[in-house]
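Subject: Structure handover

Hello,

Here is the structure I promised to pass on. Please open it first, then read the notes below.

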Amino acid sequence: MIKTNNLKKIYTTEEVETTALNNVNLEINAGEFVAIMGPSGCGKSTLLNLLGLLDNPSGGEFYFLDEEVSKYSERQRANTRKTNIGFVFQSFNLIDELTVYENVELPLLYLGVSSADRKKRVEEVLEHMQIMHRKNHFPQQLSGGQQQRVAVARAVIAKPKLILADEPTGNLDSAHGDEVMKMLTELNDAGTTIVMVTHAPSYAEFAHRTIHLFDGHIVTENFKERQRAHSA
């Protein structure tokens, strides 16, 4: 699904040039659950932004679904994102002026899905996420755990092939964090590829593989024993 060759990202200002990612070589197969770890400033979020086609790399090659996408225009990136990628953020990124129902429905509006189909799909995913009883509430009327459920519902409503999760448990207590990890695991078990940035080793344990970044480089990759046995 994803392959990078010597991927680089350099940020330049008038005074300084910062290399956020330096020659990152990475492959992620369809159906994997991958965790990305490392200290603050090591390039985790930059890598996730590039994988999510929110930005273009400064150098190297990036293949997504067998297409070389590193030089895509913003329009091309947006078209690829909306049909293939869902995002879950630490800060939820819900729209305060929209209800739970409207927040979850939004990606389907962008895709031009019919009103009847939108209603069916939104109600199905809200039921699955056990948040249907809050569909007419606004984000600020919800707990952190409920807001993240809504964010996950919005991420999966268009049935993306890939979900990118940036510290999805960062603003949650352990009980609600465990809930989110259970949801991500269920999505992965159903076939969705998950790439998650996390600081928590306990949550990285949910993944098949953990990639450690340091100063813009991949320094180690750890596979779970069951994943190695499955691959052998």
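Within what distance do the axes of helix α5 and helix α6 come, and at what angle do they cross? The axes of α5 (residues 144-156) and α6 (residues 174-189) come within 9 Å and cross at roughly 15°. That makes α5 roughly parallel to α6. Angles under 35 degrees count as roughly parallel, over 145 as roughly antiparallel, 65 to 115 as roughly perpendicular and the rest as oblique. Axes here are lines fitted to C-alpha atoms, for helices over the stretch in contact, and angles run from 0 to 180 degrees between N-to-C directions.

Before going on, some ground rules. This is a predicted model, in which local features need pLDDT of at least 70 and side-chain atom pairs count only at pLDDT 80 or more, while totals for chains, interfaces and linings use all residues. Residues are numbered from 1 along each chain as its sequence is written, and side-chain values use heavy atoms, with hydrogens and water left out.

**The α5/α6 pair**

From α5, the residues in contact are Gly 145, Gln 148, Arg 149, Val 152 and Val 156. They meet His 176, Glu 179, Val 180, Met 183 and Leu 187 in α6. Contact means heavy atoms within 4.5 Å. By class, this contact of α5 with α6 has five nonpolar, three polar and two charged residues. Ala, Val, Leu, Ile, Met, Phe, Trp, Tyr, Cys and Pro count as nonpolar, Asp, Glu, Lys and Arg as charged, and the others, Gly among them, as polar.

**The α3/α4 pair**

The axes of α3 and α4 (residues 115-128) come within 10 Å and cross at roughly 125°. α3 and α4 are therefore oblique to each other. This crossing, too, is right-handed. Val 100, Tyr 101, Val 104, Glu 105, Leu 108 and Leu 109 are the α3 residues in the contact. On the α4 side are Arg 118, Lys 119, Arg 121, Val 122, Glu 123, Val 125 and Leu 126. The contact of α3 with α4 divides into eight nonpolar, no polar and five charged residues.

α1 (residues 44-51) is mostly covered, with six of its eight residues buried (under 20% relative accessible area; exposed is over 50%, partly exposed in between, with a 1.4 Å probe and protein chains only). The buried ones are Lys 44, Thr 46, Leu 47, Leu 48, Leu 50 and Leu 51. Just after α1, Leu 53 takes a positive phi of about 60°.

Asn 6 has a positive phi as well, near 50°. Asn 6 sits in strand β1 (residues 2-12). Its relative accessibility is 40%, so Asn 6 counts as partly exposed. Phe 92 has a phi near 70° and lies in the loop between β6 (85-89) and α3 (100-110). At 9% relative accessibility, Phe 92 counts as buried.

**The whole protein**

The protein has eight helices and ten strands. These are DSSP runs, numbered from the N terminus: helices are H or I, at least four residues, and strands are E, at least two. Buried residues make up 48% of the 232 residues. The C-alpha trace spans about 45 × 40 × 40 Å along its principal axes.

Best wishes

Notes. A crossing is left-handed if the near helix is turned anticlockwise from the far one by less than a right angle, and right-handed if clockwise.
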